[in-house]
Amino acid sequence: MGIGIVPLEQMDPLEDVLVKLYLRCYEGMEEYAYSAPRDVKRYLRWLCRRTPFSFFLAVKGDEPVGFLVADDHWEEDGETVGEIHEVVVAPEERGKGVGSALVQRALDHFREKGLKKVGLWVGRRNKRAKAFYTHLGFKEGDAKGKWIRMERPLE
Ligand SMILES: CC(C)(COP(=O)(O)OP(=O)(O)OC[C@H]1O[C@@H](n2cnc3c(N)ncnc32)[C@H](O)[C@@H]1OP(=O)(O)O)[C@@H](O)C(=O)NCCC(=O)NCCS
């Protein structure tokens, strides 16, 4: 079955599913993620409020298997950039291009908004995610504690 990318229309009916998906995606990497369901719920609601039209779901049939949250009005170092707050893909769906398809959707969204740069913070020891972003043209920048900034221009 193919996987499609769709904007999240309403958080309420999917909230519990997305909380479970998030927790599953960060299993073994709790250092970089919320681990209490209540905190994940609060975080997802905050993401949804910030990005009403750019919270993208990867769906297989009706089932969410990943999501990406693209913020087109984020201030970083005094500059408005496209910020990827979150991207996760279910472990059994990884390595098939789902994460890349989500990022491409975010890049298209940021281009439509006229933004020139996209960035994100990634866990310093999250090797898989760093390799993933590097493959997509991001370069490592400053470190802040356990986080590393990665950015790329939007042509
Ligand atoms: C990071 C993540 C979103 C990648 O999703 P994915 O669907 O597996 O990514 P893709 O299949 O699109 O991979 C694209 C490219 O990234 C690179 N990549 C992906 N996984 C990799 C791995 N384990 N090791 C090295 N490179 C990897 C590959 O070069 C791959 O290129 P290819 O398509 O030519 O093989 C996923 O692994 C995940 O959910 N991780 C846990 C949550 C997380 O860390 N999120 C990032 C927070 S900042």
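Which residues have the most contacts inside the largest nonpolar core? They are Phe56, Phe67, Leu68, Leu102 and Ala106, in a core of 36 residues. A nonpolar core here is a set of buried Ala, Val, Leu, Ile, Met, Phe, Trp, Tyr and Cys residues joined through C-beta atoms within 7 Å. The elements that give two or more residues to this core are H1, H2, S2, S3, S4, H3, S5 and S7, and H3 supplies the largest share, six residues.

Before going on, a word about the model. This is a predicted model, in which local features need pLDDT of at least 70, side-chain atom pairs count only at pLDDT 80 or more, and totals for chains, interfaces and linings use all residues. Residues are numbered from 1 along each chain as its sequence is written.

**The fold**

The protein chain has four helices and seven strands, arranged along the sequence as β-α-α-β-β-β-α-β-α-β-β. Helices (H or I, at least four residues) and strands (E, at least two) are DSSP runs, numbered from the N terminus. Here are some of the elements that contribute to the core:

| Element | Residues |
|---|---|
| helix H1 | 15-25 |
| helix H2 | 37-50 |
| strand S2 | 55-60 |
| strand S3 | 63-76 |

Along its principal axes the C-alpha trace spans about 35 × 35 × 30 Å. Buried residues account for 29% of the 155 residues; buried means 20 or more other C-beta atoms within 10 Å of a residue's own, exposed means 12 or fewer, and partly exposed lies in between, with C-beta atoms placed from the backbone.

**Contacts of Leu102**

Apart from its neighbours within four places in sequence, Leu102 is in contact with Ile5, Phe56, Ala58, Gly66, Leu68 and Val87. Contact means that two C-beta atoms, placed from the backbone, lie within 7 Å.

**Around the ligand**

Of the 20 residues around the ligand, Arg94, Gly99, Ser100, Ala131 and Phe132 come nearest; a residue counts as near if its C-beta atom, placed from the backbone, lies within 6 Å. Strand S4 (79-89), helix H3 (98-112), strand S5 (117-123) and helix H4 (127-135) each give two or more residues to this shell. H4 gives the most, with five residues.

**Lys146**

Lys146 sits in the loop between strand S6 (139-144) and strand S7 (147-153). Is Lys146 buried or partly exposed? Lys146 is partly exposed, because 13 other C-beta atoms lie within 10 Å. Not counting residues up to four places away in sequence, Lys146 touches Glu31, Gly123 and Arg124.
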